[in-house]
Amino acid sequence: RALSTDEPTTILVDGEEDLVALPAIVAAPEGASVVYGQPDEGMVHVNVTDDHRTEMRDLLERFEGDTERFWKLLGSDTDT
């Protein structure tokens, strides 16, 4: 829902919040901004590109677990 609005949206995560940027970048459209906190560094701003999405998909594919279900829930096809 956050990505389907034209208004800026904040997603609050309790837990491994530093990991939420990965699927956010994969799901965000070209040119979207994803901002997240980097421990001991500060804020990181990513202007989403196809290269960013490919890099995050590759990284997420290395995670253990049911990645097929993850991609289905995210609504993203790993071949795009």
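This is a predicted model: local features need pLDDT of at least 70, side-chain atom pairs count only at pLDDT 80 or more; totals for chains, interfaces and linings use all residues.

Reply: Residues are numbered from 1 along each chain as its sequence is written, and side-chain values use heavy atoms, with hydrogens and water left out.

Me: Why is Ile25 called buried?

Reply: Buried means under 20% relative accessible area, exposed over 50%, and partly exposed in between (1.4 Å probe, protein chains only). Ile25 has a relative accessible area of 4%, so Ile25 is buried. Ile25 lies in helix H1; helices (H or I, at least four residues) and strands (E, at least two) are DSSP runs, numbered from the N terminus.

Me: What does Ile25 touch?

Reply: Contact means heavy atoms within 4.5 Å. Not counting residues up to four places away in sequence, Ile25 touches Val34, Val46, Val48, His52, Arg53 and Met56. The C-alpha atoms of Ile25 and Thr49, 24 residues apart along the chain, are separated by 8.6 Å.

Me: What makes Asp40 exposed?

Reply: Asp40 has a relative accessible area of 83%, and because exposed means over 50%, the term applies. Asp40 lies in the loop between E1 and strand E2 (42–47). Its phi is near 65°, a positive value in a residue other than glycine.

Me: How do you know that Lys72 is exposed?

Reply: The value for Lys72 is 71%, over the 50% cut-off, so Lys72 is exposed. Lys72 is found in helix H3.

Me: What makes up the largest nonpolar core?

Reply: A nonpolar core is a set of buried Ala, Val, Leu, Ile, Met, Phe, Trp, Tyr and Cys residues joined through side-chain atoms within 4.5 Å. The largest one has twelve residues in all, among them Ile25, Val34, Met56 and Trp71. H1 and H2 are the elements that give two or more residues to this core, and H1 gives the most, with four residues.

Me: How is the packing of H2 and H3 described?

Reply: Two packed helices are described by the angle between their axes and the distance between the axes. Axes are lines fitted to C-alpha atoms, for helices over the stretch in contact, and angles run from 0 to 180 degrees between N-to-C directions. Helix H2 (residues 50–61) and helix H3 (residues 67–74) pack at an angle of about 140°, with their axes 10 Å apart. Arg57, Leu60 and Glu61 of H2 and Thr67, Phe70 and Trp71 of H3 make the contact.

Me: Which residues lie nearest the centre of the largest pocket?

Reply: On a 1 Å grid over the protein atoms alone, where a 1.4 Å probe fits, a pocket is an open set of points with protein on both sides within 12 Å along at least five of seven lines; lining residues have an atom within 4 Å of a point. The largest pocket is lined by 29 residues, and Thr9, Ile11, Ala24, Val34 and Val35 lie nearest its centre. E1 supplies the largest share of this lining, five residues.
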